[in-house]
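Hi there,

I am passing on the structure we talked about, and you will find it just below. My notes on pockets, cavities and salt bridges follow.

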Amino acid sequence: MSNETQLFSPFSIRSVTLPNRIVLSPLCMYSANSGMASSWQFAHLSTFARGGVGLVFAEATAIEPRGRITPRCLGIWTDEQAEALKPTTEFIASMGSVPGLQIAHAGRKASAAPPWAGGVPLEIGDTAWGDPGWQTVAPSAVPLADGWQAPHALSEVEIAETVEAFAASARRALVAGFKVLEIHGAHGYLIHSFLSSLSNQRNDAYGGDLAGRMRFALEVTDAVRAAWPEELPLFFRLSAVDGHGWEIEDSIALAAALKARGVDVVDCSAGGITGAPAFRAQDDGKPLPKSGQRPLGFQVPYAAAIREKADIPTMAVGRIVDPQQAEDIVVAGSADLIAIGRELMHDPFWALHAAEALDQPDAFALWPDQYRWAIVRRAELGQYERT
Ligand SMILES: Cc1cc2nc3c(=O)[nH]c(=O)nc-3n(C[C@H](O)[C@H](O)[C@H](O)COP(=O)(O)O)c2cc1C
């Protein structure tokens with residue numbers, strides 16, 4: 001007996017309807033050249049659209065050159081960079097998926113080597129990874145950790161320029177063909193570093209109490225919302241807790257303020273404000289095990305709390321690996337959308353396989369025409385068997 005699942009039910013936000021609740025979480029690929037997309041971005045993102053993912057997010061995309069994590073990170077600070085992303089968004093849309101873009105500024109975590117080279121900080125001028133390493137920027141001149149640069153503390157004029165750069169990137173994202181935009185406010189990057197009192201030690205209007213530390217995030221949101229069409233959805237990714245003073249109550253307050261400014265979905269991640277992940281479990285307050293030993297769905301309680309207390313749709317992310325697990329999260333009302341990163345890299349056709357595993361009616365409907373006829377025939381003939 002097959003049953004309609006919640007995971008494969010559509011979700012409408014403003015004028016956009018996602019065909020299902022499965023989202024490719026933004027994944028840095030460190031494969032751009034001076035911010036320009038390469039054929040890797042096309043090949044990588046197209047795969048997930050072929051694989052039935054409802055909303056395909058492109059990676060953290062820098063709003064200015066200094067906002068890249070590494071010299072190989074994607075950017076959208078020029079019109080040419082937006083143009084280079086058009087074939088990708090067109091292909092995603094042609095598959096019935098929705099193309100999304102995460103706009104970002106890496107702040108004091110910028111100017112680093114890719115993770116497969118250790119993610120170590122690059123000296124200013126180091127050309128090991130293409131463009132030379134650069135002076136990083138942040139709310140205060142507080143380094144991320146030992147061995148990292150002391151960032152330049154942004155002046156109020158520079159903050160205003162950064163806000164405008166976010167808005168300009170939103171305008172370019174539209175030209176590039178994206179239909180959903182996400183502001184990256186998590187993982188210790190620039191926006192999160194303004195939110196946290198660990199990294200924000202300013203005593204002007206952008207620091208101090210919660211309202212002061214939230215000011216930059218909200219100014220970015222206002223500017224992006226004004227630049228991004230009214231009929232298109234805006235998401236905001238936050239670190240719901242960061243283990244260094246930013247707690248779930250702060251995220252609920254931020255989410256409520258974001259909702260009032262026209263954010264449609266809060267994407268609930270955690271951690272990243274220091275080099276070492278040290279954030280806390282929501283349920284018992286005990287420190288979480290190290291990355292890699294975290295429990296399945298360990299961030300889902302944050303999505304549930306923010307959804308309930310700030311009364312805003314949420315996206316859950318983090319070790320969601322199993323179709324039934326994903327279905328249960330949506331059915332329980334913990335989150336509206338399920339973002340998946342590593343499991344989708346491991347199996348880019350995860351969504352197509354999940355439809356079968358959950359016995360979704362017409363489970364093969366999401367397959368592209370080019371594959372479906374043969375896959376259906378394979379099933380009818382019982383040709384799954386290897387013997
Ligand atoms: C290779 C890789 C790149 C990532 N890049 C981004 C990124 O660009 N923006 C972001 O917000 N999170 C990024 N993340 C975090 C993921 O989006 C996701 O939140 C995290 O991997 C947890 O989900 P998972 O357990 O399904 O992988 C990245 C993670 C990985 C493994």
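**Second largest pocket**

In this predicted model, helix 1 (39–50) and helix 11 (369–380) each contribute at least two residues to the lining of the second largest pocket. That pocket holds about 160 Å³ of space. It has 16 lining residues, and the closest to its centre are Met95, Gly96, Ala365, Leu366 and Trp367. By type, the lining consists of eight nonpolar, five polar and three charged residues.

**The cavity**

Searching the whole structure turns up one cavity of 30 Å³ or more. The largest cavity has a volume of about 70 Å³. Its lining is made of 14 residues, with Ala60, Gly67, Ile69, Ala104 and Ala106 nearest the centre. Strand 4 (residues 55–62) gives the most to this lining, namely three residues. Nine of the lining residues are nonpolar, four are polar and one is charged.

**Salt bridges**

There are 15 salt bridges in the structure. One of them joins the side chains of Arg68 and Asp131, at 2.9 Å from N to O. Arg68 sits in the loop between strand 4 and helix 2 (79–94) and Asp131 in the loop between strand 5 (98–104) and strand 6 (137–138), so this pair ties together parts 63 residues apart in sequence. Arg68 is buried, at 5% relative accessibility, while Asp131 is partly exposed, at 24%.

Another salt bridge pairs Arg307 with Asp336, their closest N and O atoms being 2.8 Å apart. Arg307 belongs to helix 7 (residues 300–309), and Asp336 to the loop between helix 8 (323–331) and strand 12 (337–340).

Enjoy looking around!

Terms used: Residues are numbered from 1 along each chain as its sequence is written. This is a predicted model: local features need pLDDT of at least 70, side-chain atom pairs count only at pLDDT 80 or more; totals for chains, interfaces and linings use all residues. Side-chain values use heavy atoms; hydrogens and water are left out. On a 1 Å grid over the protein atoms alone, a cavity is a set of points where a 1.4 Å probe fits but cannot get out, and a pocket is an open set with protein on both sides within 12 Å along at least five of seven lines; lining residues have an atom within 4 Å of a point. Grid points are joined across faces, edges and corners, and a volume is the space filled by probe spheres set on the points. Helices (H or I, at least four residues) and strands (E, at least two) are DSSP runs, numbered from the N terminus. Ala, Val, Leu, Ile, Met, Phe, Trp, Tyr, Cys and Pro count as nonpolar, Asp, Glu, Lys and Arg as charged, and the others, Gly among them, as polar. A salt bridge is a side-chain nitrogen of Lys or Arg within 4 Å of a carboxyl oxygen of Asp or Glu. Buried means under 20% relative accessible area, exposed over 50%, partly exposed in between (1.4 Å probe, protein chains only).
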